[in-house]
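Thanks for making the time, everyone. I would like to take you through one model this morning, going from the sheets to the contact between the chains and then to the DNA.

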There are 2 protein chains.
Amino acid sequence: MPLSQELLLTALHQHVSLTSEEEAAFLAICEEKTAKKKEFLLRTGEQNLYLYFVQNGCLRSFIIDQSGKEVNLEFAVERYWISDVAFHKPALLSIQALEPTQYVQINVDAFETLTQQHPVFNLFYRKLLQNGYFAFKKRMLSGMTQTAAENYRDFLLKFPDLSQRIPQYHIASYLGITPEFFSTIKSEGLDLYQQAIS
Amino acid sequence: MPLSQELLLTALHQHVSLTSEEEAAFLAICEEKTAKKKEFLLRTGEQNLYLYFVQNGCLRSFIIDQSGKEVNLEFAVERYWISDVAFHKPALLSIQALEPTQYVQINVDAFETLTQQHPVFNLFYRKLLQNGYFAFKKRMLSGMTQTAAENYRDFLLKFPDLSQRIPQYHIASYLGITPEFFSTIKSEGLDLYQQAIS
DNA sequence: ATCATTTCTTAAGGTACCTTATTCTTTTCG
DNA sequence: CGAAAAGAATAAGGTACCTTAAGAAATGAT
């Protein structure tokens, strides 16, 4: 079995236990793909038909606000799942590669069929949704009650090396601040990260 | 059939089509309850075992941040579902009645059994989760890109009469601002709501 | 290597929102 | 009804973050 599939199965087993038959059925609907840097996997308004799993590289999901600015909602690095929320509808989000990225795409209709044959995947998907939802609620709370420097510290803990891999204005956008202000809190608050990792 | 069950079935049919047998099986696991004003349905840290549906009245979910302040995440009025995200775990959120409230509680284990007998409820639950997740992503974006007055306008559109029913500091908390600042934007920006409803 | 482009930094002035405090108004409940 | 408690308004001074602008540094294409 290729290494990339090992990574995917490990991610599955974090949520549910599977028989080898179920594993095989799941792998059968997975399509391995690669994206170049800046390539789009999905654009706002397109039909959204896939769930994505990152094997290496980095994807982002973002949206364009009413003033025309891009706002990053999520980053997905190795072992992360990412997708728009609803399927078979015009997508709310765009999904784009920030690095050359290997990923797996799973067609939702194929997945739906899979759940009918192997109901355990209902549980899997539910857990995936719940985890994402949970993380979002916590981030929303953090955004409401913490300062940008504290949110950046949280970001560094969640994505330890990502700040070295992608342009900083993408991180600023994720944090909900301007690149300029992000630059100043970085120069002022290097000690915050030291606290965070100690 | 009592009126309160009609409301619940209508809410179900928004997401999935059901046979009368499935309807009956669903109603069989619903428990109708009432809560007095200020009564807690769930407190942070308790085992979370229920999904709630509001028939009338108003519930809120909130969390206490590191400085000890309550932060409102969601309101649930008539026809709204509300719950903590994960089950069988210590709850992240507290859920409390802001008015005398009639609601239905659904035990997640009973629901799990129901899904095994009637797989259509997997779809129902998934849609419920997706809708909540979707709404949250949009609210998070709004919180990042809009001013508090604009967020308040959105609130008024989503909950037209709620601002007359609950203390304003709860709305301020939901919007992520202080009651004092909420008071000033209200006195300054009455025109915003006029725009919104016109 | 070199030039063009993208990204990052710094700084000044401005705005949205916060904190604290006081007074006024409304609700609750004996 | 009247007293106590809860909620709302207003104002002054402060902070976090934004906007604009310009220059410096890093990256990428030829």
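Let me begin with a definition: two strands count as paired here if DSSP finds at least two bridges between them. The elements themselves are DSSP runs numbered from the N terminus, with helices being H or I runs of at least four residues and strands being E runs of at least two. Please keep in mind that this is a predicted model, in which local features need pLDDT of at least 70 and side-chain atom pairs count only at pLDDT 80 or more, while totals for chains, interfaces and linings use all residues. As for the labels, residues are numbered from 1 along each chain as its sequence is written, and chains are lettered from A and ligands numbered from 1 in the order in which they are written.

With that in place, chain A has an open sheet of four strands, in the order β2-β7-β4-β5, with antiparallel pairing. The edges of this sheet in chain A are β2 (40-42) and β5, each of which pairs on one side only. From one strand to the next the twist averages 30°, where axes are lines fitted to C-alpha atoms, for helices over the stretch in contact, and angles run from 0 to 180 degrees between N-to-C directions. Inside the sheet, β4 (residues 59-64) and β7 (residues 94-97) of chain A are joined in the antiparallel sense by four bridges, and R60(A) stands opposite Q96(A) in β7(A). Packed on this sheet is α6(A), which touches β4 and β5 of chain A and makes an angle of about 100° with the direction of β5(A). The other chain also takes part, in that helix α4 (residues 120-145) of chain B lies across β4 and β5 of chain A, at about 130° to β5(A).

Turning to chain B, its four strands form an open antiparallel sheet, again in the order β2-β7-β4-β5. Because β2 (40-42) and β5 (70-76) of chain B stand at the edges with a single partner strand each, one side of each is left without a neighbour in the sheet. Two bridges join β2(B) to the antiparallel strand β7 (residues 94-97) of chain B, and F40(B) has Q96(B) as its bridge partner in β7(B).

How are the two chains related? A rotation of 180°, with 0.0 Å of shift along its axis, superposes chain A on chain B with an RMSD of 0.0 Å, which is the relation of a two-fold axis; the superposition is by least squares on the C-alpha atoms of residues with pLDDT of at least 70 in both copies. Within chain A, the residue closest to that axis is Y133(A), whose C-alpha is at 2.8 Å.

As for the contact, counted where C-beta atoms placed from the backbone lie within 7 Å, it takes 23 residues from chain A and 24 residues from chain B. On the chain A side, α4(A) gives the most, with 15 residues, and by class that side has 14 nonpolar, six polar and three charged residues.

Which residues come nearest to DNA strand C? Of the 16 around it, they are Q168(A), S183(A), A148(B), I177(B) and F181(B), while α7(A) supplies the largest share of that surface, six residues. Around DNA strand D there are also 16 residues, of which A148(A), I177(A), F181(A), Q168(B) and S183(B) come nearest, and here α7(B) gives the most, with six residues. The surface near DNA strand D divides into seven nonpolar, six polar and three charged residues, where Ala, Val, Leu, Ile, Met, Phe, Trp, Tyr, Cys and Pro count as nonpolar, Asp, Glu, Lys and Arg as charged, and the others, Gly among them, as polar.

Notes
Near = placed C-beta within 6 Å. Contact = placed C-beta atoms within 7 Å.
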